[in-house]
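Subject: Structure handover

Hello,

Here is the structure I said I would pass on. Please open it first, then read the notes below it.

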Amino acid sequence: MFFKSSSVVSEDEQNEMVFYAALEIDFYRMLGLAALETVLFFFALAVGLKVVRSFWFHKKLPSTNDVLSGVLLSNFGKLLVIPAIIWGQSHSAIYMWLTRIFLLTSNVQAFKVICSCSHLAALTFILCVYTVQYGGMHVIQIIDWT
């Protein structure tokens with residue numbers, strides 16, 4: 001009457017457990033994709049720095065570790081997405097684009113300051129890194145869907 005057997009689970013409770021398990025798996029999948037996207041960004045940044053160093057013999061560039069640390073600090077703008085998700089904004093695509101624009105400008109500024117280069121050179125370099133990152137993520141999503 002008041003006590004339910006632990007082996008007896010109603011169909012609604014089973015459906016609810018399956019629903020939460022699916023949400024949890026999707027959460028970990030999206031977390032893994034976000035981590036992979038960040039790793040791709042920093043890998044492309046490091047490889048791009050190696051390529052630029054091979055062409056610019058006359059200019060002393062800072063160490064790869066300094067550039068990666070500075071750009072990592074400028075990436076904390078990604079945390080702007082969290083309030084939009086928590087508050088359940090209906091315009092989440094707009095917030096995502098605004099966050100991406102903010103990240104682009106902060107990454108360009110960080111790269112410009114650390115490498116002492118022009119805005120155009122920093123913008124070109126960071127856009128190339130983003131192109132590699134989004135291309136890699138596109139390939140991974142195509143592989144994931146097949």
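How many helices and how many strands does the secondary structure of the protein chain come to? There are five helices and zero strands. Keep in mind that this is a predicted model. From the N terminus on, the elements run α-α-α-α-α. The chain has 146 residues, and 26% of them count as buried. If you take the contacts between residues at least 6 apart in sequence, 60% of these join residues at least 24 apart.

The nonpolar core

The largest nonpolar core has 19 residues. Within this core, the residues with the most contacts are Leu45, Val67, Phe111, Phe125 and Ile126. At least two residues of the core come from each of H1, helix H2 (64-74), H4 and H5. H1 supplies the largest share, six residues.

Two of those residues can be followed further. Val67 is found in helix H2. It counts as buried because its relative accessibility is 0%, and the cut-off for buried is under 20%. Setting aside neighbours within four places in sequence, Val67 is in contact with Leu45, Leu49, Pro62, Phe111, Ile114 and Cys115. The C-alpha atoms of Val67 and Lys112 are separated by 9.9 Å, although the two residues are 45 residues apart along the chain. Phe111 touches Val67 in turn, and also Leu49, Ser116, Cys117, Ala122, Phe125 and Ile126, with residues up to four places away in sequence not counted.

Helix H4 covers residues 92-115, and Ser106 is in it. Leu103 and Asn107 have their places in helix H4 as well.

Is Ser106 buried or exposed? Ser106 is buried, because its relative accessible area is 16% and the limit is under 20%. Its side chain reaches the backbone oxygen of Ser74 at 3.0 Å.

Asn107 is buried too, with a relative accessible area of 0%. Not counting residues up to four places away in sequence, Asn107 touches Phe41, Val71, Ser74, Asn75, Ile126 and Tyr130.

Leu103 is buried, with a relative accessible area of 6%. Beyond its neighbours within four places in sequence, Leu103 is in contact with Ser74, Asn75, Gly77, Lys78 and Tyr130. Leu103 and Phe76 are 27 residues apart in sequence, and their C-alpha atoms are 8.2 Å apart in space.

The largest pocket

About 1,200 Å³ of space lies in the largest pocket. Which elements give two or more residues to its lining? They are helix H1 (11-55), helix H3 (81-86), H4 and helix H5 (119-145). The largest share of the lining, eleven residues, comes from H1.

The lining has 30 residues in total, and the ones nearest the centre of the pocket are Met30, Ala34, Glu37, Lys78 and Met96. By type, the lining residues divide into 20 nonpolar, six polar and four charged.

Then go on to helix H4, where Ser106 lies, and look for the 3.0 Å approach of its side chain to the backbone oxygen of Ser74.

Regards

Note on methods. Residues are numbered from 1 along each chain as its sequence is written. This is a predicted model: local features need pLDDT of at least 70, side-chain atom pairs count only at pLDDT 80 or more; totals for chains, interfaces and linings use all residues. Side-chain values use heavy atoms; hydrogens and water are left out. Helices (H or I, at least four residues) and strands (E, at least two) are DSSP runs, numbered from the N terminus. Buried means under 20% relative accessible area, exposed over 50%, partly exposed in between (1.4 Å probe, protein chains only). A polar contact is a pair of N or O atoms within 3.5 Å; within protein, one must be able to donate a hydrogen and the other to accept it, and residues adjacent in sequence count only if both atoms are side-chain atoms. On a 1 Å grid over the protein atoms alone, a cavity is a set of points where a 1.4 Å probe fits but cannot get out, and a pocket is an open set with protein on both sides within 12 Å along at least five of seven lines; lining residues have an atom within 4 Å of a point. Grid points are joined across faces, edges and corners, and a volume is the space filled by probe spheres set on the points. Ala, Val, Leu, Ile, Met, Phe, Trp, Tyr, Cys and Pro count as nonpolar, Asp, Glu, Lys and Arg as charged, and the others, Gly among them, as polar. A nonpolar core is a set of buried Ala, Val, Leu, Ile, Met, Phe, Trp, Tyr and Cys residues joined through side-chain atoms within 4.5 Å. Contact means heavy atoms within 4.5 Å.
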